[in-house]
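Hi everyone, thanks for coming. Let me put today's structure up on the screen, and then we'll walk through a few spots together.

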Amino acid sequence: MGGAFGPSFLCLVCLIYFIQGFRSFVWTAVSYQMKDMMKLSPSTSQFLVSLAYFPWSIKPIYGILSDCIPIKQRKRVPYLIISSCLSLLPWLILGLSQTLRTSANMLTSLLIVQNLGSAMADVVIDAMVAEAVRSAGPEFAGDLQSLSWSSMAVGGIFGSLLGGYALSNLPIHVIYVVFSALPLFQLVSCMFVEDSPKRFQSAIDEHNNQSSVTAFSEEGSGEALGKEGARRRKGTRKNNKRRPLSKQTEANEKSNGSFNPSPSLSLKSAFFSLCTAFKQPAILRPMAWFFFSNVTIPNISTVMFYYQTEELHLEASFLGTARVIGWFSLILGTYTYNRYFKHKKLRDILVFAHVGLAIISLLDIALVLRLHIPHGIGDKYMVLWGSALADAINQFKFLTRMFPFGRMMPFLILSGQLCPPGIEGTLFALFMSINNLGSTLGSFLGAALASALNISTAQFDNLALGLGAQLIGTLLPIGFLFLIPNEVTGLAS
């Protein structure tokens, strides 16, 4: 695989995914910063964290920028450099300025910028992987996917382990500075990766005119696309009349060694491709369900963090260990899904996932109501089991999103084959960003719920009610599974 993609490219892929997992190292410190140093309420912390993660909900914008607006004839590496700087600077500023890191507004603003850099890097490297798979062949997609997920899992394990240790031995501002070494290393690594020049726009426009209407039309309504295709073909015939001038211009640009297409035309073509894709019921309906399944669940994870540290007095090192078990559960969940569930009906898998998450909510309710104490079960065991099971079950739901339309191929191959050349980053980001937006709105709902129940650092009497609302919200999406085609399985139709 190294010969197919190059060692510098593979190292950059591993590094970026490792950093995505290792982010737990520094975000644990952020949680303690808000709770212990800034004395924020659970609902306020939940709201600020949700706001900070909003850049992950608009990933298609970064994909469109990198796909359609090259910088000095390079589509990917310049955006990786920009994203690395955006990831690096906020942690340095927070580590060096006490005034800024103790201000709620400034802290949130810097965290938004940092997440903007992380999300942009995630989109760009995914696009580079999709392009690499297109060039080297789909047989390498599984290897790249395994490499990416393994790097993220290793990063998550080390980040969770070292994060708890660092909080016990280092000041929080030092943790920020230490973590900034990773995006700095990422920035340096970008210098060693080659980036192919922007493809000639005439070839892309020609392919988009022919393929953007038909690439997604094999499933879903063909009548609507036929009308769009007729309009596009008329435009194509008009463009053909001007073809000799375009060829001459292209030849002149080739002789100069550069070709600068109009960004507005590229952006228009990419936007049209996305709109065309979303008109298809086979895409729109499943994505609507996944969005709805996140919005209806009020996320009160930050409130539970407050409860575990303030009421149960659990140490940072133990919470780090619980997250490590959660990462191992992700790996176990992936294996179990691929071994036993990938040929099951997708609806059945999603019912299993949401019923399982509802059971986790029951465990949290039992923890808050102290129902486990008469049975001699310690708080730490309840937290460990809840964390492990929740992460494993969430991985089931994540893997079903990776195969939302029942195609018998990894998501890397799916994006590489379906999208017109030049918008790999946009399509790859679009699927996941809808889910991220639903999760963000679910977190805002959780913050509003915590505020309405008057849950504070010293008052957790109504936390069980909040968990009960979370339980009901977890079961609601099961009633809307008609949006998922009944014949679709977790991997193959």
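A word on naming: helices (H or I, at least four residues) and strands (E, at least two) are DSSP runs, numbered from the N terminus. Residues are numbered from 1 along each chain as its sequence is written. Please keep in mind that this is a predicted model, where local features need pLDDT of at least 70, side-chain atom pairs count only at pLDDT 80 or more, and totals for chains, interfaces and linings use all residues, while side-chain values use heavy atoms, with hydrogens and water left out.

Let's start with Asn454, which sits in the loop between helix 22 (424–452) and helix 23 (463–475). Its phi is near 55°, a positive value in a residue other than glycine. Most residues other than glycine have a negative phi. Is Asn454 buried or exposed? Asn454 is exposed, at 57% relative accessible area; buried means under 20%, exposed over 50%, and partly exposed in between, using a 1.4 Å probe and protein chains only.

Now look at Lys39, in the loop between helix 3 (24–37) and helix 4 (42–52). Lys39 also has a positive phi, near 55°, and is exposed, with a relative accessible area of 63%.

Next stop, Asn115 in helix 8 (residues 104–136). Asn115 is buried, with a relative accessible area of 0%. Beyond its neighbours within four places in sequence, Asn115 is in contact (heavy atoms within 4.5 Å) with residues including Arg23, Trp27 and Tyr53.

That's my tour, thank you!
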